[in-house]
Amino acid sequence: MAVLTLLSQKPRLRIAVIGANDGKHGDPLYQLLKGPLAGRVELLLFEPQAELIPHLEQNLAFVENKRVFNIAVGEPGEGVLHSIGRAHWADLQPPYAANWPLYRAPTGVTSIHKQQLLDLIVKLRPELGPESVIESVSVPSRPLAAALEAEGLPPELDVLQVDVEGDDDNVLYSCDLERTRPAVINAETEHLDVQRIRKLLAHLESAGYFVVALQGEILALRKSSAVATTS
């Protein structure tokens with residue numbers, strides 16, 4: 001509803017998705033991209049897992065105006081991602097992934113927080129030995145505005161979506177909100193404790209956002225934007 005309200009005020013939207021995965025399964029923007037956003041969007045997709053890039057590009061081939069960034073958003077330098085090894089993808093298919101491709105659920109829990117994956121593996125298949133299931137890899141990382149400007153793109157956004165499995169608050173701190181100024185922010189908070197959520201809410205409010213805490217996520221609307229004044 002927030003995106004559609006904003007779309008009613010502008011001819012096209014500039015949307016950044018951080019933690020894009022395959023761009024389709026479990027993605028709240030996918031149906032909008034195929035429907036009301038068709039032909040009216042510039043899509044900026046950030047996904048640090050290199051093996052997902054072909055799936056991402058194929059699933060969103062119908063979006064003509066898009067850019068894919070095979071990097072993480074965060075502090076400048078490198079970050080370490082912990083993921084479920086390909087050999088164990090079939091072993092770790094949760095019930096909600098029944099109709100998803102084999103790769104989707106295992107790659108969807110990739111995180112910089114190794115303990116988060118250890119806990120998940122113990123919950124789903126404790127007999128596997130979680131340490132032997134996890135693979136770790138270093139990936140390049142940049143703040144959002146710097147990543148866009150390095151490609152000759154302006155930093156300003158209309159919509160920012162973040163889903164990075166437990167580091168969503170830190171990613172938002174690296175999104176240069178005073179420069180990117182998205183009117184709508186949607187971010188996952190499912191893996192954040194209460195203290196981290198409170199700190200994030202305070203940060204967003206101080207940056208000029210009206211924030212609604214939902215179950216496992218937050219919606220933030222910039223107070224000076226059209227979507228905030230009409231909501």
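I began with the lining of the largest cavity, and its residues come out as nine nonpolar, no polar and no charged. (Ala, Val, Leu, Ile, Met, Phe, Trp, Tyr, Cys and Pro count as nonpolar, Asp, Glu, Lys and Arg as charged, the rest, with Gly, as polar.)

Ground rules: I am reading a predicted model, in which local features need pLDDT of at least 70 and side-chain atom pairs count only at pLDDT 80 or more, while totals for chains, interfaces and linings use all residues. Residues are numbered from 1 along each chain as its sequence is written, and side-chain values use heavy atoms, with hydrogens and water left out.

**The cavity**

I searched the whole structure and got one cavity of 30 Å³ or more. (A cavity is a set of points on a 1 Å grid over the protein atoms alone where a 1.4 Å probe fits but cannot get out; lining residues have an atom within 4 Å of a point.) The largest cavity has a volume of about 40 Å³, volume being the space filled by probe spheres set on the points. I listed its lining as I84, L92, P94, Y96, A105, P106, V109, L120 and L124. Two elements give two or more residues each to that lining, α4 (104-108) and α5. (Helices, H or I with at least four residues, and strands, E with at least two, are DSSP runs numbered from the N terminus.)

(Angles run from 0 to 180 degrees between N-to-C directions of lines fitted to C-alpha atoms, for helices over the stretch in contact.) Which residues of α5 are buried? I noted Q116, L117, L118 and I121. (Buried means under 20% relative accessible area with a 1.4 Å probe, protein chains only.) Their cover includes β5, α6 (130-133) and β6.

I then checked the pairings. (Two strands pair if DSSP finds at least two bridges between them.) β4 is parallel to β6 (residues 134-142) over two bridges: A72 sits opposite S141, and V73 sits opposite R142. β5 and β6 run antiparallel and share eight bridges; I picked out S83, whose bridge partner in β6 is E135.

**The seven-stranded sheet**

What is the strand order in the sheet of seven strands? I read β3-β2-β1-β7-β8-β10-β9, again an open sheet with mixed pairing. Here β3 (66-69) and β9 (209-214) are at the edges, and each has a single partner strand, so one side of each goes without a neighbour in the sheet. From one strand to the next I get an average twist of 10°. β1 (residues 13-18) and β7 are parallel over four bridges, with I18 opposite V162 in β7. Helix α10 (residues 194-206) packs on this sheet and touches β8, β9 and β10, its direction at about 150° to that of β9.

β7 (residues 159-162) pairs with β8 in the parallel sense over four bridges, one of them setting L160 against I185. β10 (residues 217-222) is antiparallel to β8, with five bridges; V184 has L221 as its partner there.

**Two single residues**

Q161 lies in β7. Buried or exposed? I find Q161 buried, at 8% relative accessible area. Leaving out residues up to four places away in sequence, Q161 touches A16, V17, I18, D27, P28, L29 and N186. (Contact means heavy atoms within 4.5 Å.)

L43 lies in β2, residues 41-46, and L43 counts as buried at 1% relative accessibility. With the sequence neighbours up to four places away set aside, L43 touches I15, V17, L33, L60, V63, N65, K66 and R67.

Definitions and conventions: 1 Å grid on protein atoms, 1.4 Å probe; cavity = no way out; pocket = protein on both sides within 12 Å on 5 of 7 lines; lining within 4 Å. Buried < 20%, exposed > 50% of the residue type's maximum accessible area, 1.4 Å probe, protein only.
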